[in-house]
Each structure stands twice: as structure tokens, then as C-alpha cells.
Amino acid sequence: MLLTDARVVLTGATGGLGEALARKLAKGGASLLLTARDPARLERLACSVNGPCSVLATDLTATDGVDRLAAAARHFGANVLVNNAGIGGFGLFEEQGWGEVERILTTNLAVPVRLTQALLPSLRTQPAAVVVNIGSAFGSIPFAGFAAYSAAKAGLRAFSQALRRELADTGVRVVHVAPRAIDTALNSLAVRQLNAELGNASDAPEEVAGVVLAAIEDGCAERVVGQPERLFAWLNGCAPALVDRGLRGKLATIKRHAGDRTIAAELIQS
Ligand SMILES: NC(=O)c1ccc[n+]([C@@H]2O[C@H](COP(=O)([O-])OP(=O)(O)OC[C@H]3O[C@@H](n4cnc5c(N)ncnc54)[C@H](OP(=O)(O)O)[C@@H]3O)[C@@H](O)[C@H]2O)c1
């Protein structure tokens, strides 16, 4: 799809990747409906984006959040939905309360699935439409210390593939982009220190936004950002025991940084 024809609903617009996407999409000539929870940050972003742009502040995990956005998106005449809103989820699974696990699963999986379902009828009326789901390398390389987050992102990947196959005879394309770490506020200090110690590379949000724009334009359905992540995603698919063994060697480091996260949370509470 040409960006000049795109009418894009972008969730998580005020975040690191969201803001980079909003700026690049606007620069490419797309019309935007930006959404996130914080109205002041949304307004600031809308004022600084160069092009037609409207905003809706809503919590997508609230009872009426998805319905409010879907109604606004229909009115806007959206033909592209970018499911980008997400939250991080670093911590040992046994130490995460159910409330935290549920928030991770809801925000990263249930919300994009619900929003896609709510928007599909109107997307199908467009001559061409695209749903872009922002996953994660952890959706293909499930990682110790990220059990609920990996589960949500693996679910989003499977949802994207199944829906793409189901809509193959329609004008709606389903794209899944799986970035590795990105330099954004989603990653706590503990995660940034873990990535540095493990040698996990991190990309600038602008680079990842460029990959997402290319996927909207050229229709490539699956993108895993970065090497060696592409190789490990493939390896995990055909020989997961090898990846089990590789990650076993990193477990002590992951547990140490997860412990730092717990201590930091306790300090904030006290
Ligand atoms: N950063 C990474 O290392 C990384 C790696 C791979 C994949 N990803 C994925 O990339 C996407 C963007 O992440 P990011 O790094 O840009 O994160 P970020 O900077 O923390 O931004 C997250 C965005 O989501 C919005 N959001 C969070 N909870 C929401 C809710 N309940 N309702 C509505 N909006 C909500 C936030 O805005 P408000 O707080 O105002 O609502 C913000 O705009 C996510 O799907 C993430 O999983 C990130």
C-alpha cells in the first residue's frame, strides 16, 4: 500500500517505537489516528507530527477502551491498524503476582486480538487494508525471565499467521513484525543491564519503524528484526532443545538481574 493512501490507527503512539512510527508515517504522507492513555503526551505528539493527525486517549485494557477506539477508527475510515501498544514483563514467573501476569497477557495479546476483531468488518469494506501486529523476538525465542511476555508475543505471532491464512481471499493483509530489543522506556534498567551483560543487541526505534513502514508498503508478511535473532528463531522452531541448552548457560545471569528488579520494586514501595 502507498503511504499516501494509508489511514493509520496507531496504538501505543506515545511510546518509543510509536512516536518513531508516527513521525515516519506522517512524513510518508499517511493520515493518522494516534492513541495511548496519556492525553497530554498525545496532544504534544500530534502538534509536532507533520501531517493530518487526530488523537484519542483511551486505556485499551478498560472495559470500553477497545470499543471507543474502534468507533473512532470507523469514523476516521481506517485502512491500516498498527497494534503497537505493549508493556514489558521481565521477572521470574514464580515471583510475579497474577495481577502482573494478567496485565502482560491482556495488554500484549488480548487487546490487539480484540481490536483487530472490532475493526475487521470496516477494514474489509476498504479496497485494501493492512493489520500490523508488533510482536517480539521472544515470541519465537521464548526467553527465561519473560515467561508471560513470551507467551503473549508467541500468541500474537500465531494469531497473525492464522488470521492471515483465514483472510487470504480478502483485501486485508496481516503483517507480523518481531523486533529484538529496542532502545525505549519499555525496558527497565534491569533489562538494559541484562541485555548489556548477555550481549543482546538493541536497535534504535527509528530503525524498527523503518522495517514496519516497509512491511506496510511491500506486503512482506513476516519480519524478524536482526541477526542472530532470525537464526535463533528458526533454530527454536526446529530444535528447541538446543536453545534450551544455550539458555541454561545464561540462567544465573538472568536470575541475578531479575533479583535486581525485585529489589528495585521493593525500594519503590518502601
Ligand atoms: N522495547 C523493546 O525492547 C521491544 C522489543 C520487542 C518488541 N517490542 C514491542 O514494541 C511495541 C512498542 O513498545 P515500546 O518499546 O515503544 O514501548 P513503550 O515506549 O513503553 O511504549 C508503549 C506504548 O503503549 C502505550 N500503552 C501501554 N499500555 C497501554 C494501555 N493499557 N492502553 C493504551 N495504551 C497503552 C503507552 O502509552 P500510555 O502509557 O500513555 O498508555 C505507550 O504509548 C510493544 O508492543 C512492545 O512489546 C518492544
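1. Where is the place of Ser-54? In this predicted model, Ser-54 sits in strand β3, which covers residues 53-57. Ser-54 comes out as partly exposed, with a relative accessible area of 31%.

2. Now for the neighbours of Ser-54. Leaving aside residues up to four places away in sequence, Ser-54 touches Leu-32, Leu-33, Leu-34 and Phe-76. Take Leu-32: it is 22 residues from Ser-54 along the chain, yet the two C-alpha atoms are separated by 6.3 Å.

3. On to a helix pair. Helix α4 (residues 98-124) and helix α5 (residues 147-166) have axes that come within 7 Å and cross at roughly 15°. That angle is under 35 degrees, so α4 counts as roughly parallel to α5. The crossing of α4 past α5 is right-handed.

4. Who makes that contact? From α4, the residues are Val-101, Ile-104, Leu-105, Asn-108, Leu-109, Pro-112, Val-113, Thr-116 and Leu-120. From α5, they are Ala-148, Tyr-149, Ala-151, Ala-152, Lys-153, Gly-155, Leu-156, Phe-159 and Leu-163. Sorted by class, the contact has 14 nonpolar, three polar and one charged residues.

5. If you're wondering about disulfides, a search of the whole structure turns up zero. Cys-47 is in none, and its nearest cysteine sulfur, that of Cys-53, is 8.6 Å away. Cys-47 counts as exposed because its relative accessibility is 67%, and the cut-off for exposed is over 50%.

6. Cys-220 is in no disulfide either; the nearest cysteine sulfur belongs to Cys-238, 20 Å away. With a relative accessible area of 30%, Cys-220 is partly exposed.

Definitions and conventions: Residues are numbered from 1 along each chain as its sequence is written. This is a predicted model: local features need pLDDT of at least 70, side-chain atom pairs count only at pLDDT 80 or more; totals for chains, interfaces and linings use all residues. Side-chain values use heavy atoms; hydrogens and water are left out. Axes are lines fitted to C-alpha atoms, for helices over the stretch in contact, and angles run from 0 to 180 degrees between N-to-C directions. Helices (H or I, at least four residues) and strands (E, at least two) are DSSP runs, numbered from the N terminus. Angles under 35 degrees count as roughly parallel, over 145 as roughly antiparallel, 65 to 115 as roughly perpendicular and the rest as oblique. A crossing is left-handed if the near helix is turned anticlockwise from the far one by less than a right angle, and right-handed if clockwise. Contact means heavy atoms within 4.5 Å. Ala, Val, Leu, Ile, Met, Phe, Trp, Tyr, Cys and Pro count as nonpolar, Asp, Glu, Lys and Arg as charged, and the others, Gly among them, as polar. Buried means under 20% relative accessible area, exposed over 50%, partly exposed in between (1.4 Å probe, protein chains only). A disulfide is a pair of cysteine sulfur atoms within 2.5 Å.
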